[in-house]
Amino acid sequence: MKENNNRNDVNRPANKNIKTIAVIVVVAITITLVISLSMRSTTMIGAQMGGGNKPIIMHFHPILTITVDGKPMTVPGQIGIDPALWKDHSLDQYGMQAMSDGMSSMAPLHTHDDSGTIHVESNTIRNYTLGQFLDNWGGLNVTGKTVKATMDGAPVSDYKNIILRDGEQIHLDVTK
Ligand SMILES: [Cu+2]
């Protein structure tokens with residue numbers, strides 16, 4: 001009995017030490033995780049922000065297709081990026097500013113390719129309209145023409161005021 005008690009007396013501090021070490025290890029792992037996660041998010045925000053850029057907090061993709069006199073018209077890529085396809089600059093403050101690594105600035109409403117996908121990428125939560133995108137592009141001449149619009153297949157009377165939303169399919173039918 002006495003021997004057993006002695007053994008327990010020896011074992012107890014050993015168990016305590018193991019528990020203490022385990023707690024230290026868990027705390028150390030937690031601290032390492034928290035630091036690496038916060039560093040990663042800092043890097044990500046830094047990459048998106050560049051020089052004086054606010055982070056992009058709104059990013060979604062409506063789709064625009066156009067026919068002019070019955071023929072499909074391509075909505076070009078680089079609208080709101082290529083200066084030749086970036087006619088209106090009144091919304092520039094909500095987009096990406098030019099960065100020191102050579103990444104060019106982008107309007108909050110822009111295209112990357114000619115698929116009709118509009119990229120809405122904004123540093124501010126706010127509504128954008130199709131009219132704003134068309135002004136920004138400056139490449140669709142509707143003077144003296146009739147524009148019939150649908151949004152997700154349903155007719156829309158005031159196409160310029162269509163509010164851009166993710167996945168929305170906008171079609172403009174421009175005729176003489
Ligand atoms: Cu996008």
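Modeller: Two strands pair if DSSP finds at least two bridges between them. Helices (H or I, at least four residues) and strands (E, at least two) are DSSP runs, numbered from the N terminus. This is a predicted model: local features need pLDDT of at least 70, side-chain atom pairs count only at pLDDT 80 or more, and totals for chains, interfaces and linings use all residues. Residues are numbered from 1 along each chain as its sequence is written.

Biologist: Which residue in β5 is the bridge partner of His110?

Modeller: β4 and β5 run antiparallel. In β5, His110 is bridged to His119.

Biologist: Is Thr175 buried or exposed?

Modeller: Thr175 lies in strand β8 (residues 169–175). A residue is buried with 20 or more other C-beta atoms within 10 Å of its own, exposed with 12 or fewer, and partly exposed in between; C-beta atoms are placed from the backbone. Thr175 has 11 within 10 Å, so Thr175 is exposed.

Biologist: Which residues is Thr175 in contact with, leaving aside neighbours within four places in sequence?

Modeller: Contact means C-beta atoms, placed from the backbone, within 7 Å. By that cut-off, the partners are Asp69, Lys145 and Thr146.

Definitions and conventions. Two residues are in contact if their C-beta atoms, placed from the backbone, lie within 7 Å.
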